Amino acid sequence: MNSPTLAEFALAETYVASIPAGYRNHSKRHVGFWKPWLRQAFMFRCAYCTASEAELCSAGYFQIDHFVPRKRDRTRSRDYYNLVYACYPCNQRKRAQFPSEQQLAQGIELLNPSSGARFPFHITENASGWLTGKTQSGSLSVQILALNTRDDVRERNLRRAAEIDNHRALMRRLAEFLMQTVDLQITRGDPTGQLAQRSSDIQAQMAQCRAELHRRYGHLLKHLDL
Ligand SMILES: [Zn+2]
């Protein structure tokens, strides 16, 4: 079974920055002025560890990171596409770290959450919530962003447990609907075939739900009662 798609990196795959109206690359305004736009663009989550404001119980804990550090390229210090919404710990860990010119020449990059980098192509998550690079860019990104801190790993496991619980709750509800439909068929009969169709639809939904669970968490299913 392949590794599950990393749900937490889905944001990185879909994020498309749109420059706020009135934004000027060389505006005299401090980039902090644009924080509300960045919060929304990054869906109120850290672009690196994906912790949400709700999970960290604070919006004030978030900062604006320059993906290409200012020390590396001052011309991009006000480039909106270079601004990343990041939690304080990630921003502190990353600081001015960036691949060397030699690494960049070899195609080894820091994965950019703003550019639609396919994180699941570069990074995999094991059953314990530990991230490992599948490519050199993935390994470098895990290292620079320190994505395996104890808090990060714990948060990933909590999220995964919550997702699995949601799937199981959905399957329980579908099973209840199915039983009710079968009871109706027994007590009322089903001359028009509507109840049989409904049973078949519910079974199809259950199969979809089970398939999704296997796709994401197949390597964990031996621990689950499904
Ligand atoms: Zn973070």
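Which residues does Thr-132 touch, not counting residues up to four places away in sequence? They are Thr-124, Asn-126 and Val-142. The legends below place these contacts in their setting.

**View 1. Overview of the predicted model.** This is a predicted model, in which local features need pLDDT of at least 70, side-chain atom pairs count only at pLDDT 80 or more, and totals for chains, interfaces and linings use all residues. Residues are numbered from 1 along each chain as its sequence is written. The protein has nine helices and four strands. Helices (H or I, at least four residues) and strands (E, at least two) are DSSP runs, numbered from the N terminus. Along the sequence the pattern reads α-α-α-β-β-α-α-α-β-β-α-α-α. Of the 226 residues in the protein, 24% are buried. Buried means that 20 or more other C-beta atoms lie within 10 Å of the residue's own; exposed means 12 or fewer; partly exposed lies in between, with C-beta atoms placed from the backbone. Take the contacts between residues at least 6 apart in sequence: 65% join residues at least 24 apart. A contact requires C-beta atoms, placed from the backbone, to lie within 7 Å.

**View 2. Thr-132 in strand E4.** Strand E4 spans residues 131-133 and holds Thr-132. Thr-132 counts as partly exposed because it has 14 C-beta neighbours inside 10 Å. Gln-143 is 11 residues from Thr-132 in sequence. In space, the two lie 9.4 Å apart, C-alpha to C-alpha.

**View 3. The buried side of helix H7.** Ser-137, Gly-138, Leu-140, Ser-141 and Leu-145 are buried in H7. They cover an arc of only 165° around the axis, so they sit on the same side of H7. The arc is that of the directions from the helix axis to the C-beta atoms. What covers these buried residues includes H4, helix H6 (119-122), strand E3 (123-125) and E4.

View 4. Ala-146 is in the loop between helix H7 (136-145) and helix H8 (150-188). Its phi is positive, about 50°, although Ala-146 is not a glycine. Ala-146 is partly exposed because 16 other C-beta atoms lie within 10 Å.

**View 5. Arg-95, between two helices.** The loop between helix H4 (88-94) and helix H5 (101-105) contains Arg-95. Arg-95 is not a glycine, yet has a positive phi of about 40°. Is Arg-95 buried or exposed? Arg-95 is exposed, because it has 11 other C-beta atoms within 10 Å.

Methods. Contact = placed C-beta atoms within 7 Å.
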